[in-house]
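Please look over the sequence and the structure below before reading on.

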Amino acid sequence: MLAVTINFNSIAQITDDQFYQLCRENPDVKFERNAQGEIIVMSPTGGETGNYNSEINADFVIWNRQSKLGVCFDSSTCFQLPSGANRSPDVSWIEKSRWEALSPEQKQKFPPIAPDFVLELMSPTDSLKDTQDKMEEYMNNQVKLGWLINRKTRRVEIYRQGQEKEVLECPTELSGEDILPGFVLNLKTLWQ
């Protein structure tokens, strides 16, 4: 997906409430905001990437309904990270007690919380460096586990809190480790 970054900082500092209102008044546009306050306009994904995102998200939802350990989110959910950035991972998950600690208003708007888990599935037009930077940003904002899946190269980068990233070449499955206990994502259909 192509992204355009716009810096309004020399003109105006956009507050959290103003950013939320900007997103609400432009529902057909996907916005993110980095820690420097720059607005990132994201283009929609193509059909193939959207389908894979949907299939992957369904696997998480099914696991979570059975485990009842937390709350799953799709790519339309924007989180306010501790750094002030507002990001929308393709798939994310928050442990139940952490989610329940938020107020109803916090849950309704852009939740001021870093997910425990994030997944980014690269689109053919995504920049690898930008997506890797985004993954590092997640880790720097208390995300515990992150997966960057690159279908083009058949590579998965695994990000863990406080550790160096691990790169896997064409893995057939990924384990949720102790963050997503019992979850296994089958990747065979992604590589076809």
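E137 touches N34, A35, L81, S83, A85 and R87, not counting residues up to four places away in sequence, where contact means heavy atoms within 4.5 Å. This is a predicted model, in which local features need pLDDT of at least 70 and side-chain atom pairs count only at pLDDT 80 or more, while totals for chains, interfaces and linings use all residues. Residues are numbered from 1 along each chain as its sequence is written, and side-chain values use heavy atoms, with hydrogens and water left out.

**E137 and its helix**
- E137 lies in helix α5, helices being DSSP runs of H or I of at least four residues and strands runs of E of at least two, numbered from the N terminus.
- E137 counts as buried because its relative accessibility is 14%, the classes being buried under 20% relative accessible area, exposed over 50% and partly exposed in between, with a 1.4 Å probe and protein chains only.

**The sheet**
- An open sheet of 6 strands runs in the order β4-β7-β8-β9-β10-β11 with mixed pairing, two strands being paired if DSSP finds at least two bridges between them.
- The edge strands, each pairing on one side only, are β4 (70–73) and β11 (166–169).
- β4 pairs with β7 (residues 91–95) in the antiparallel sense over 4 bridges, and G70 stands opposite E95 in β7.
- β10 and β11 also pair in the antiparallel sense, over 4 bridges, with R155 opposite E169 in β11.
- The hairpin of β10 and β11 has 5 residues between the strands, and G162 takes a positive phi near 75° there.

**Helices on the sheet**
- Helix α2 (residues 47–67) lies across β4, β7, β8 (117–121) and β9 (145–150), running at about 160° to β8; axes are lines fitted to C-alpha atoms, for helices over the stretch in contact, and angles run from 0 to 180 degrees between N-to-C directions.
- Helix α5 (residues 128–140) packs on the sheet, touching β8, β9 and β10 (155–160), and its direction makes about 170° with that of β9.

**Nonpolar cores**
- The largest nonpolar core has 23 residues, and those with the most contacts inside it are I56, F60, F117, L119, W147, I149 and L185; such a core is a set of buried Ala, Val, Leu, Ile, Met, Phe, Trp, Tyr and Cys residues joined through side-chain atoms within 4.5 Å.
- The largest share of this core, 4 residues, comes from α2.
- Apart from this core lies another, of 17 residues, among them L81, I94, Y138 and M139.
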